[in-house]
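Have the sequence and the 3D view open as you read.

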Amino acid sequence: MKNVNEDIAHLLVDAEALYEDAPCGYCSFRPDGTIIKINRTLLTWLGYAAGDVVGQLRITDLFSKGGRIYYEMFYYPLVQMTGVVKEISFEIFRKDGTSFPGLLNANVIRDQAQQIVAINCVLIDITDRKKYESELLNAKKFAELAKDQFEFVSDYIPEMIWTATPAGEINYVNKRFADYLGIEPLNNSIPVLSACIHPDDRLQSLRGWVRGIRAGKPFQIQLRLKDASGIYKWHLLKSVPYPQTGAIVKWLGSCLDIHAHVMEVEQKDEFISVASHELRTPVTGLKLSLQLLSRMNSGGEKQTQLLDQASRNVRKIAGLIDDLLNVDRLKTGQLPLNRTLFQISDLLRNCCTVIQTENEQRLEVSGDTNAEVFADENRMEQVVVNLISNAIKYAPGSKKIILQAITIEGMVEVSVTDQGPGIAKEKVAHLFERYYRADHSGVKYSGLGLGLYISSEIVKKHGGMIGVQSEPGIGSRFWFTIPAPLKPDDTK
């Protein structure tokens with residue numbers, strides 16, 4: 001029995017200690033507000049002794065004038081009606097006249113006649129929370145100010161600017177963009193904007209945008225947009241992710257009018273296409289005539305040299321014309337593919353044989369010698385020969401050029417690596433563009449700048465990708481991939 005009484009005594013002592021030194025303030029007061037009990041924590045916050053408060057002060061003596069009015073008119077009637085009031089903010093005044101913000105939680109104690117005999121209250125010091133809220137509010141104001149400044153500046157610049165959420169929802173277009181499209185600046189939803197895209201470009205544009213969002217990488221596409229007068233014009237749409245602490249918080253985009261440039265390129269392409277077709281007939285006739293002359297050649301050394309020289313020049317002209325015609329076929333989607341199953345290593349060795357008949361660089365073939373592809377062998381040879389020819393032309397000091405084929409995750413990757421001067425970083429992004437010709441070390445090379453463009457389009461038609469890694473002073477590695485054929489086990 002003694003042990004039980006001791007345990008109870010300990011519990012009472014512990015409970016009293018928990019009450020007195022709790023991390024929040026406790027107090028109890030009568031219906032008229034007179035404080036009848038207060039814990040040590042709250043006394044410390046207020047700077048009072050218990051004798052200065054208990055039976056001497058009302059709870060409203062701790063409030064400001066406005067707080068007292070609010071308590072009498074709203075808080076106490078609410079406590080009477082509901083019995084419990086949670087987290088009402090009051091400014092609490094200390095003995096020295098200073099104050100701190102507090103949250104007051106209260107519940108009533110009633111007698112058997114349901115009359116209020118006391119009100120228990122819990123007071124929480126929210127000084128730190130107020131500081132945090134203030135900092136948060138200032139940060140929000142700063143962000144809104146920055147947003148307003150961005151929108152003000154972007155509304156009055158001649159470029160068309162837009163932004164999107166991390167999920168890709170367009171949430172802002174500047175005034176220039178809205179005026180061009182003939183829409184309200186705030187009416188910038190995806191359906192509204194997609195309706196301004198030419199029907200032939202719409203699906204490709206939206207798919208590209210979705211892929212860019214999922215990959216979290218910059219996105220750009222050429223498309224036709226309908227202006228306020230209903231006329232479609234070509235634009236270059238770009239977007240880049242804006243990250244913070246490793247996560248994308250928004251997308252920033254621009255839209256550049258490139259209609260005049262596209263029209264000039266189309267006119268150029270049309271002229272080149274017509275000229276190529278017109279040139280092909282007389283060049284073919286010239287080629288046949290040279291072949292006949294070679295057969296009729298009596299054997300004179302000078303005559304043989306001139307015929308060989310003329311034949312080489314005709315072959316070069318025919319090759320240029322073929323490139324131009326291939327561009328026209330690619331653009332109109334009329335470049336057919338005659339797919340067969342073959343080993344890529346055989347193709348690489350055949351290409352080396354063709355190239356090595358005219359050049360001194362040592363070509364090495366390595367990698368997966370059993371890798372097979374289902375592709376147009378002639379077109380693939382055209383791609384590989386072009387990559388080797390470029391390595392020989394732009395890296396004449398590279399004594400060794402490595403051709404490699406490897407199989408990676410259902411794709412066969414073919415690469416051509418040289419040990420030449422490399423390519424400047426700012427030029428790499430343009431290498432596969434139509435008519436682009438890079439000069440190396442100030443030296444300009446002949447050609448139409450179509451080889452890599454045609455190669456990239458052939459690879460894309462096969463469902464593959466093409467690219468380059470280059471480091472100035474070390475060399476370049478051009479690569480492309482094409483899907484490997486499915487094996488019987490892969491179809492299960």
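A search of the whole structure turns up two cavities of 30 Å³ or more, and the largest pocket holds about 2,100 Å³ of space.

**Confidence**

- Among the elements of the protein, strand E2 (residues 35–38) has the highest mean pLDDT, 94.
- The lowest mean pLDDT, 63, belongs to helix H1 (residues 2–20).
- A word of care: where pLDDT is low, the predicted coordinates should not be read in detail.

- Helix H12 covers residues 377–394, 18 residues in total.
- The N-terminal end of H12 is capped by Asp376, which has a side-chain oxygen 3.1 Å from the backbone nitrogen of Asn378.
- The buried residues of H12 include Met380, Val383, Val384, Leu387 and Ile388, and also Arg379, Asn386 and Asn390.
- In an α-helix there are 3.6 residues a turn, so residues three or four places apart point the same way.
- Asn386, one of the buried residues of H12, makes a side-chain polar contact of 3.2 Å with Ser455.
- Ser455 sits in helix H14 (residues 451–461). With a relative accessible area of 2%, Ser455 falls under the 20% cut-off and is therefore buried.

**The largest cavity**

- This cavity contains about 260 Å³ of space.
- Its lining has 16 residues, and Ile170, Leu193, Ser194, Ile197 and Leu237 are the ones nearest the centre.
- By type, the lining residues of the largest cavity are 14 nonpolar and two polar, with no charged residue.
- Helices H6 (175–181), H7 (190–194) and H8 (199–215), together with strand E8 (219–226), each give at least two residues to the lining of the largest cavity.

**The largest pocket**

- The lining of the largest pocket consists of 38 residues. Nearest its centre are Gln220, Ile221, Gln222, Glu457 and Lys460.
- This lining is made up of 17 nonpolar, eleven polar and ten charged residues.
- H8 and E8 each supply at least two residues of the pocket lining, as each does for the largest cavity.
- Strand E9 (232–244), helix H9 (259–296), H14 and strand E16 (466–471) also supply at least two residues each to the pocket lining.

**Loop residues with positive phi**

- As background, most residues other than glycine have a negative phi.
- Gln114 has a positive phi, near 65 degrees. Gln114 lies in the loop between strand E4 (99–110) and strand E5 (116–125).
- Glu409 also has a positive phi, near 45 degrees, and belongs to the loop between strand E14 (400–408) and strand E15 (411–417).
- Glu409 is over the 50% cut-off at 81% relative accessibility, so it counts as exposed.

**Lys425**

- Lys425 is part of helix H13 (residues 425–428).
- Buried or exposed: which is Lys425? Lys425 is exposed, because its relative accessible area of 75% is over 50%.
- Ser470 is 45 residues away from Lys425 along the chain, yet their C-alpha atoms are separated by 7.8 Å.

Notes:
Residues are numbered from 1 along each chain as its sequence is written. This is a predicted model: local features need pLDDT of at least 70, side-chain atom pairs count only at pLDDT 80 or more; totals for chains, interfaces and linings use all residues. Side-chain values use heavy atoms; hydrogens and water are left out. Helices (H or I, at least four residues) and strands (E, at least two) are DSSP runs, numbered from the N terminus. The expected span of a helix is 1.5 Å times one less than its number of residues. Buried means under 20% relative accessible area, exposed over 50%, partly exposed in between (1.4 Å probe, protein chains only). A polar contact is a pair of N or O atoms within 3.5 Å; within protein, one must be able to donate a hydrogen and the other to accept it, and residues adjacent in sequence count only if both atoms are side-chain atoms. pLDDT is the predictor's confidence in each residue, from 0 to 100. On a 1 Å grid over the protein atoms alone, a cavity is a set of points where a 1.4 Å probe fits but cannot get out, and a pocket is an open set with protein on both sides within 12 Å along at least five of seven lines; lining residues have an atom within 4 Å of a point. Grid points are joined across faces, edges and corners, and a volume is the space filled by probe spheres set on the points. Ala, Val, Leu, Ile, Met, Phe, Trp, Tyr, Cys and Pro count as nonpolar, Asp, Glu, Lys and Arg as charged, and the others, Gly among them, as polar.
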